[in-house]
Amino acid sequence: MKEYKCVIFDCDGVLVDSELLGNQVFVDMANEHGAGIDISYAMQHFKGGFLNDSIRQVEAIIQKQLPLGFEKEYRQRSYQLFSTHLKPVDGVEQVLSKLTVPFCVASSGPQEKIKRNLATAGLSSFFIDNIFSCYDIGKWKPDPAIYLYASESMGYTPNECLVIEDSLKGAKAATSGGFDVYGYTHLNEDPDFENEVTKTFEQMNELISLLKL
């Protein structure tokens, strides 16, 4: 088996159990404006992407613009929910504590959100400054830029790194950048996801044996 020199983790749904929580807040808010969507729709169409893209998709559904304060309200409502309900993904702490190669997080969310969520979930000490955000570079998944930025910042080439992803957009970003991707399928809603990744796994602690930790 290939031995990787660096592991790059997505954040939402991979490190912190935020995908269902965040998408439910988004669905509730979108439906307040007449979108008529459910959580399954959101997990398939919005998961792993740029919030502004999701907002534009909802605007296309309702055929009008959402209020200018929609994003700010979404951040506030989701942060409030995360503060009381957010947990680390089951098994991820054991994986992080056993990793012997450098690792980092690369996420579509703003730096503030990533750091806040890692802190709430008790994972901050694993990452310190190895946190990379699409907002740092102004490019979002499925563009590979965030993973290229993270690997270069960590000092490795794409073929030396492994990406851990749970969304189709994120997997496409990594594979198009030349990375191997292990796909976490626990909450996967997209039938194309498994075709986009190098290998799939259903439970996070499976990484311990997959990476021979």
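Does valine 58 count as buried or exposed, and at what relative accessibility? In this predicted model, valine 58 sits at 0% relative accessibility and so counts as buried, where buried means under 20% relative accessible area, exposed over 50% and partly exposed in between, with a 1.4 Å probe and protein chains only. The model is a predicted one, with local features needing pLDDT of at least 70 and side-chain atom pairs counted only at pLDDT 80 or more, while totals for chains, interfaces and linings use all residues. Residues are numbered from 1 along each chain as its sequence is written, and side-chain values use heavy atoms, leaving out hydrogens and water.

Valine 58 belongs to helix α3; helices (H or I, at least four residues) and strands (E, at least two) are DSSP runs numbered from the N terminus. Setting aside neighbours within four places in sequence, valine 58 touches Phe26, Ala30, Ala35, Phe46 and Leu66, contact being heavy atoms within 4.5 Å.

Next come the strands. Five of the five residues of β2 (residues 103–107) are buried, so this strand is largely enclosed by the rest of the structure. Phe103, Val105 and Ser107 cover one side and Cys104 and Ala106 the other, and all are buried. β2 runs parallel to β1 (residues 6–9), with three bridges joining them; strands pair if DSSP finds at least two bridges between them. One link here is isoleucine 8 with cysteine 104. β2 also pairs with β3 (residues 131–133), again in the parallel sense and over three bridges, and valine 105 has isoleucine 131 as its bridge partner.

A cavity is a set of points on a 1 Å grid over the protein atoms alone where a 1.4 Å probe fits but cannot get out, and lining residues have an atom within 4 Å of a point. The largest cavity holds about 340 Å³, the volume being the space filled by probe spheres set on the points, which are joined across faces, edges and corners. Its lining has 23 residues, with Asp12, Phe46, Gly49, Tyr74 and Lys113 nearest the centre. Helices α1 (19–32), α3 (51–62) and α4 (70–85) each give at least two lining residues, and α1 gives the largest share, four.

Technical notes
On a 1 Å grid over the protein atoms alone, a cavity is a set of points where a 1.4 Å probe fits but cannot get out, and a pocket is an open set with protein on both sides within 12 Å along at least five of seven lines; lining residues have an atom within 4 Å of a point.
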